[in-house]
Amino acid sequence: MPNPRLPKLNRMTLREQVLESLREAVLSGTFRPGDHLAETELAESYGVSRGTVREALRTLQQAGLVTGDSRGKVRVRTLSPGEIGEIFRVRAALETLAVEEIIARGDAPAVAAELHTLLPPAQEDDVDYLRRLELDLAFHQRLCELSGNATLMETWAGLEDRMRVVMFSPGQGDPVDIMNADHHAPLVEAIAAEDPVGARAAFFAHMDEAARRWSA
C-alpha cells in the first residue's frame, strides 16, 4: 500500500520541468520579446546544468518561441510586422470559417448568446493585462470550439503560443483598447444577425486593427 505520508514524485524530468517553466515565462510575459535568455544565469536559477537548459532552449527554438544568433545568444522571438500580420489574417480566416459553419448549422443565436457572456471587460474595468489577454483569447477560442470543426480548432490552437508572444510585443497605440468589449461586441452582433458577409468583414477588420496595434 502507498504510504500517505510520503510525497508523490514529480514524474517530469529536469529538462521537462525547465522547459515548462521557461515556456510559461515566455507566454506570460515574464520574458518579453527580445529578452536574452542566458544559459549560465538560467542554470544557476534552476539549479541544473547548462546542458539541461540548453536542451530546453533548443525545444523552445524549434517551437518558434525563441531564436538564436550567430554567437549562440538566445532571445525571446521578436516577430516582424509582416509575421504579425500573417498571424492575424490566418486567425481572421479561421474564425470567419467558424462563423460560417455555425450559421449554416442554424446555431447562430445560441452561439451569439453564449459569446455575449464571454465578452472581454470594458477598457475602464480594473483588470490587469495578463488577465485581459486570457479573457480575449478565451472568447476567440470558444468561438472556434463552437464551430464543431476539430481541424479548425487544432489549427487555431497551434497558433496560440505565437499569438501570446505577439501580445507581449511593444506595439503602436493602446493594445488594451483592441481587447475590450466594444471591439468584440460587433463580432457577436454579426453572428447574431446570421450574416456571413457581415461577419467576415467584422472579423477581418478586427484582426487587421489588432495587427496594426501590435506591429512595432
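**Exercise 1. The chain as a whole**

Of the 216 residues of the chain, what percentage count as buried? Work out, too, how the elements follow one another.

*Solution.* Before starting, note that this is a predicted model, in which local features need pLDDT of at least 70 and side-chain atom pairs count only at pLDDT 80 or more, while totals for chains, interfaces and linings use all residues. Residues are numbered from 1 along each chain as its sequence is written, and side-chain values use heavy atoms, with hydrogens and water left out.

Step 1. Buried residues make up 42% of the 216 in the chain. Here buried means under 20% relative accessible area, exposed means over 50%, and partly exposed lies in between (1.4 Å probe, protein chains only).

Step 2. Next, the elements: the chain has 10 helices and 2 strands. Both kinds are DSSP runs numbered from the N terminus, helices being H or I with at least four residues and strands E with at least two. Read from the N terminus, their order is α-α-α-β-β-α-α-α-α-α-α-α.

Step 3. Now the extent: along the principal axes, the C-alpha atoms fill a box of roughly 60 × 55 × 35 Å.

Step 4. Then the contacts, meaning heavy atoms within 4.5 Å. Of those between residues at least 6 apart in sequence, 75% join residues at least 24 apart.

**Exercise 2. Salt bridges between helices**

Which partners do Arg142, Glu134 and Asp177 have in salt bridges? Say where each pair sits in the chain.

*Solution.* Step 1. Take the criterion: a side-chain nitrogen of Lys or Arg within 4 Å of a carboxyl oxygen of Asp or Glu. Searching the whole structure gives 15 salt bridges.

Step 1. Arg142 pairs with Glu114, with 2.6 Å between the closest N and O atoms. This pair links distant parts of the chain, 28 residues apart: Arg142 belongs to helix H6 and Glu114 to helix H5. Arg142 is partly exposed at 28% relative accessibility, and so is Glu114 at 29%.

Step 2. Glu134 meets Arg164 at 2.8 Å, N to O. Because Glu134 lies in helix H6 and Arg164 in helix H7 (residues 150-167), the pair ties together parts 30 residues apart in sequence. Glu134 is partly exposed, at 29%, whereas Arg164 is buried, at 10%.

Step 3. Asp177 meets Arg213 at 3.1 Å, N to O. Since Asp177 is in helix H8 (residues 175-178) and Arg213 in helix H10, parts 36 residues apart in sequence are tied together. Both residues are buried. Shared partners extend this into one network of Asp177, Glu209, Arg212 and Arg213.

**Exercise 3. Two loop residues**

Where do Asp126 and Glu194 lie? Describe how accessible each one is.

*Solution.* Step 1. Asp126 is in the loop between helix H5 (108-117) and helix H6 (129-146). Its relative accessibility of 83% is why Asp126 counts as exposed.

Step 1. Glu194 is in the loop between helix H9 (181-192) and H10. Glu194 is partly exposed, with a relative accessible area of 41%.

Step 2. Check the backbone as well: phi of Glu194 is near 55 degrees, a positive value in a residue other than glycine.
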